[in-house]
Amino acid sequence: MCRAVAPKAAVRPVADVVAALLDDVVQKSAKDARASAYDGLKAPGISMLDYLARWLSYSNCPDDECLVLAVIYIDRVCVHTGVSLTKLNVHRIVIAALTVATKWHQDRVHGNSHYAAVGGVKHAELNRLERVFLNDLQWNTHVSPADHHKYLKQFRLHKKWKAAETDALAQ
């Protein structure tokens, strides 16, 4: 059911920007970043852009809202806990953030077994990641309109936003 990666044409500007930002943060992370509860044993073999495209294709959150909320949540968790995004944890933090954002934003959601399959983790592991993430988030899932607008405004200024819009118009 969730095997194929969504085609690149389905990816929207927000996904392009979020993937680029996360990739940049991971690239700049210190090699000696401390271990976290989100670390996997090895880095997944899927790019962040493909990971986000997969989520958008197979989750119940087809719009960009879940991506914006997920980035805000990730920022909050990193600031509160001091966790650094690394190649060993970024996909796992993203799947936890997207799961929480989707459940917060959507009226109808899938179960965690579905989201685990989409994200490439075991059901029990997603349950654990979601619990840790919500605790690290201090269960603060509310995002003010001002915060949402601030993030979206910054996304629109990113070079990937314009490139994605240009690509979409060319198709």
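**Entry 1: α2 against α5**

I began with the crossing of α2 and α5, and I noted it as right-handed. The model I am reading is a predicted one. Two packed helices are described by the angle between their axes and the distance between the axes. For α2 and helix α5 (residues 112–119) I wrote down an angle of about 145 degrees, with the axes 9 Å apart. Next I listed who makes the contact. On the α2 side I found Y51, R54, W55 and Y58. On the α5 side I found H114, Y115, A117, V118 and G119. I sorted the residues of this contact by class: six are nonpolar, two polar and one charged.

**Entry 2: α2 against α4**

I stayed with α2 and turned to another partner, helix α4 (residues 90–105). Here the angle is about 25 degrees, and the axes lie 11 Å apart. An angle under 35 degrees counts as roughly parallel, so α2 and α4 are roughly parallel to each other. Which hand does the crossing of α2 and α4 have? I recorded it as right-handed.

From α2, I listed M48, Y51, L52 and W55. They meet V90, H91, V94, I95, L98, T99 and T102 in α4. I had already written both down for the contact with α5.

**Entry 3: the chain as a whole**

I stepped back to look at the chain. How many helices and strands does it have? I noted eight helices and zero strands. From the N terminus on, the elements run α-α-α-α-α-α-α-α. The chain has 171 residues, and 47% of them count as buried. I also looked up how far apart in sequence the contact partners are. Among contacts between residues at least 6 apart in sequence, 85% join residues at least 24 apart.

**Entry 4: an aromatic pair**

I looked for aromatic pairs and noted a count of two. One of them is Y38 with F133: the ring centres are 6.4 Å apart and the planes stand at 75 degrees, so the pair is edge-to-face. The cut-off for that label is over 60 degrees. The pair links distant parts of the chain, 95 residues apart. Y38 sits in the loop between α1 (13–28) and α2 (48–58). F133 belongs to helix α6 (residues 123–136). Are these residues buried or exposed? Y38 is buried, at 1% relative accessibility. F133 is buried too, with a relative accessible area of 0%.

**Entry 5: two histidines**

H158 lies in the loop between α7 (145–157) and α8 (159–170). Its relative accessible area is 16%. Buried means under 20%, so H158 is buried. Leaving aside neighbours within four places in sequence, I found H158 in contact with V17, A20 and L21.

H123 is in helix α6. I noted H123 as partly exposed, with a relative accessible area of 39%. What does H123 touch, not counting residues up to four places away in sequence? I listed N112, S113 and A116. N112 is eleven residues from H123 along the chain, and their C-alpha atoms are separated by 6.3 Å.

**Entry 6: S84**

I moved to the loop between α3 (65–81) and α4, where S84 is placed. S84 counts as partly exposed, at 33% relative accessibility. R34 is 50 residues from S84 in sequence, yet the C-alpha atoms of the two are 7.7 Å apart. Not counting residues up to four places away in sequence, I found that S84 touches S29, A33 and N89.

Last, I checked the backbone. Most residues other than glycine have a negative phi. Q138 is not a glycine, although its phi is positive, at about 60 degrees. W139 also has a positive phi, near 60 degrees, and is a residue other than glycine. Where are they? Q138 is in the loop between α6 and α7. W139 is placed in the loop between α6 and α7 as well. I then looked up their exposure. Q138 counts as exposed, at 54% relative accessibility. W139 is exposed too, with a relative accessible area of 56%.

Definitions and conventions: Residues are numbered from 1 along each chain as its sequence is written. This is a predicted model: local features need pLDDT of at least 70, side-chain atom pairs count only at pLDDT 80 or more; totals for chains, interfaces and linings use all residues. Side-chain values use heavy atoms; hydrogens and water are left out. Rings of Phe, Tyr and Trp (its six-membered ring) pair if their centres lie within 6.5 Å; planes under 30 degrees apart count as stacked, over 60 as edge-to-face and the rest as tilted. Helices (H or I, at least four residues) and strands (E, at least two) are DSSP runs, numbered from the N terminus. Buried means under 20% relative accessible area, exposed over 50%, partly exposed in between (1.4 Å probe, protein chains only). Axes are lines fitted to C-alpha atoms, for helices over the stretch in contact, and angles run from 0 to 180 degrees between N-to-C directions. Angles under 35 degrees count as roughly parallel, over 145 as roughly antiparallel, 65 to 115 as roughly perpendicular and the rest as oblique. A crossing is left-handed if the near helix is turned anticlockwise from the far one by less than a right angle, and right-handed if clockwise. Contact means heavy atoms within 4.5 Å. Ala, Val, Leu, Ile, Met, Phe, Trp, Tyr, Cys and Pro count as nonpolar, Asp, Glu, Lys and Arg as charged, and the others, Gly among them, as polar.
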